[in-house]
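Consider the aromatic side chains of the model shown here, and the charged groups placed over some of their rings.

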Amino acid sequence: MQARKKYVLLGLCTCCWLLLYYWGGLQERLLGLLTHRRGEVVRPWPNWLDRDLLPGYADQAELQNAGGPGDSPRQRRQSWAGIYKDSRCRMDTCFDFARCQGQSSFRVYIYPPEKGERVSESYRKILTSVVESRYFTSDPREACLFVLGIDTLDRDQLSTQFVPNMDERIRGYPLWNDGRNHVIFNLYSGTWPNYTEDLGFNVGQAILAKASLNTEHFRPGFDISIPLFSKEHPQKGGERGWLVRNTVPPRRKYLLMFKGKRYLTGIGSDTRNALHHIHNGKDIVSLTTCRHGKDWEKHKDARCDHDNQEYERFDYQELLHNSTFCLVPRGRRLGSFRFLESLQAACIPVLLSNGWELPFSDVIQWNQAVIEGDERLLLQVPSTVRAVGTDRVLALRQRTQMLWEAYFSSVDKIVLTTLEIIKDRVNSHISRNKFMWNALPGGLLVLPEYSTHLAHYPFYYLNLGKPVQKPTRRHLNQFGVHAVIVCVLVWVSCQIIILWNSEKPPPHRSKWPPMPVPLIITDGRRKTSSRFLPNAAIETEAVLSLDEDTVLLTSEINFAFHVWQSFPERIVGYPPRSHFWDPVKKAWGYTSKWTNEYSIVLTGAAFYHRYYHHLFSHYLPSSLRALVDRTSNCEDILMNFLVSSVTHLPPIKVAQRKQYKEMPILQGTKMAPWANPEHFTQRQECVNTFASWFGYMPLVHSQFRLDPVLFKDHVSVLRKRYKDLERV
């Protein structure tokens, strides 16, 4: 009985299947006969390429021939294989480490430009950044890395900046060697309609420093993804981030925003054509316009007029300043100018660019600064950003500012970050770890030649929970009033280093007064900047720098050191100075007037961390140190510029006795440098020269002064630890 039921059901299913097949085939033949008479093509089911169903897209033939998203994975792999013939390159297979050996192992050479060579403004900035870096060499025999003098930034064949015949030209370079040890910078590749990543020439085994890199053919540990930046991007310095204070709660007027172009046809149009779906005009503003290009009206769809009208209602800068999240959808290529704009504005980027290898992804932890969305799940973006908690929003916004100021605010920083990443690969045994790259002050200001241990830098004490050791009062009392240039404070013992810059030779060691601590005398007659050169004798973290005419009590030094223990990344000292902007001269000015505001603490009496000796000698260009040595002036101002550029904070002034001043000039002695009338003029010029090199004014004004507890309070002196500071 059960078997009979099974056979009956099987027979019914077979009959139904035959009927469906028969009537479906008959219907297809009838439709074919009808359409054949009218010369039309009828599709019984709607196709995704229907122009009527998807207005604003390209026609069927155009999309089928355009490549890009419509290509199969096999077709894409075949096209990329023709472009990237050395897709398996890694540093150990396509880089010659033998060229990078020696004392000055990492040097970069730029091929001289040919006569009449056209170079874009952006590429000129890149070359300038390399030339002004500490790695540049004019001798190719010293070079570890080579940069082409030919502009390779724009490889779109329709661009006016496209340089033809690249293969023929680079093969003429005797050092090309199939691209080994070469780095090629590129912002735009491919052309209409598919915008492949073809550079139009064989890059061989060269490292690509490229914008809009796709993860499918990005060579990890070899290529470097860089951000897409405009020709207006500053050479140096750059504007600060827009997050001037942490507002709580950190959310702004608008939750999510985008304002930009909408492509009616071609690659990238599918993502931007769908952005209007999430626009509500209230807390989510997603605006697009098709009014761009020469013949946009030929391709306009039914939404264009309404979109254009809505587009004009909102100001882009106002949206940037007042939005918590910023959409960063792909354009024709994977990268977008919106990325850097949102980083600067502290507007958390929400990425809609599937397959984009983010800039400097080898070293930057982007999950701490951006939210990566999926182009296919656009409608889920609003609910995703609404679910981000307040503490997470604040952390993301703070991270955008750190990354912007450390790596992206200028072309200089983008180029130097690229070079430093390559250098870390070459010298992997002395390289930065990811914490150094992703914590303040950033990887560019942490030189691994100094140390690879976090505890040796002044920036990470708080992160590591590391206390600064406290010396005993006995050790501090050993300083007294000594005529020293540099005095080094040691945790368990003390040593004094005298930098002798007099024309007369120093007296014999037997003629110096007896001291319970080691005394080291070094020759400082050649260079004024030598007081800040790294010295192997300095084994401690704190350095107390004193001029020969400085008079301080041990209690003053004691208190200043205790203050420095809480602020080891800053200069802590006594004599303040300040800078100001002169609107008449349109230049920076320098003043020594004692006011409630200051931006400089002179290193003639100040504590700072010994790492700044290394930065002063190896980070700053030789031209600035040469200026200091030539004028025998301004080394203290330059050190303040350096430290403030690292910390973005002012120095700290501590309390001092009222009668503290420079020692009077004795009759018959040589006039002190600060008493020379030209001394002040030189310092004015130095301030402007230094600001020009940094690209901005790093000095920060402050009205902050630290005094001891009960300082000048009307209480018993027995309750005061630093009572000597109140003596007049």
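Which residue lies over the face of Y311? The residue is K259, at 4.5 Å from the ring centre. This is a predicted model, and the distances and angles given here are computed from it. A further lysine, K653, is placed over the face of W594, and here the distance to the ring centre is 5.6 Å.

Rings also pair with one another. With a limit of 6.5 Å between ring centres, the count comes to 31 aromatic pairs. One of them joins Y407 and F408: the centres are 6.4 Å apart and the planes stand at 80°, so the pair is edge-to-face, since planes over 60 degrees apart fall in that class. Y407 and F408 are both buried. These two residues also belong to one aromatic cluster, which is formed by F339, W356, F360, W366, Y407, F408 and W437.

The rings of Y590 and F680 have centres 5.7 Å apart and planes at 50°, so this pair is tilted.

F680 has a relative accessible area of 34%, so F680 is partly exposed.

Notes. Residues are numbered from 1 along each chain as its sequence is written. This is a predicted model: local features need pLDDT of at least 70, side-chain atom pairs count only at pLDDT 80 or more; totals for chains, interfaces and linings use all residues. Side-chain values use heavy atoms; hydrogens and water are left out. Rings of Phe, Tyr and Trp (its six-membered ring) pair if their centres lie within 6.5 Å; planes under 30 degrees apart count as stacked, over 60 as edge-to-face and the rest as tilted. Buried means under 20% relative accessible area, exposed over 50%, partly exposed in between (1.4 Å probe, protein chains only). A charge sits over a ring if NZ of Lys or CZ of Arg is within 6 Å of the ring centre and within 35 degrees of the ring normal.
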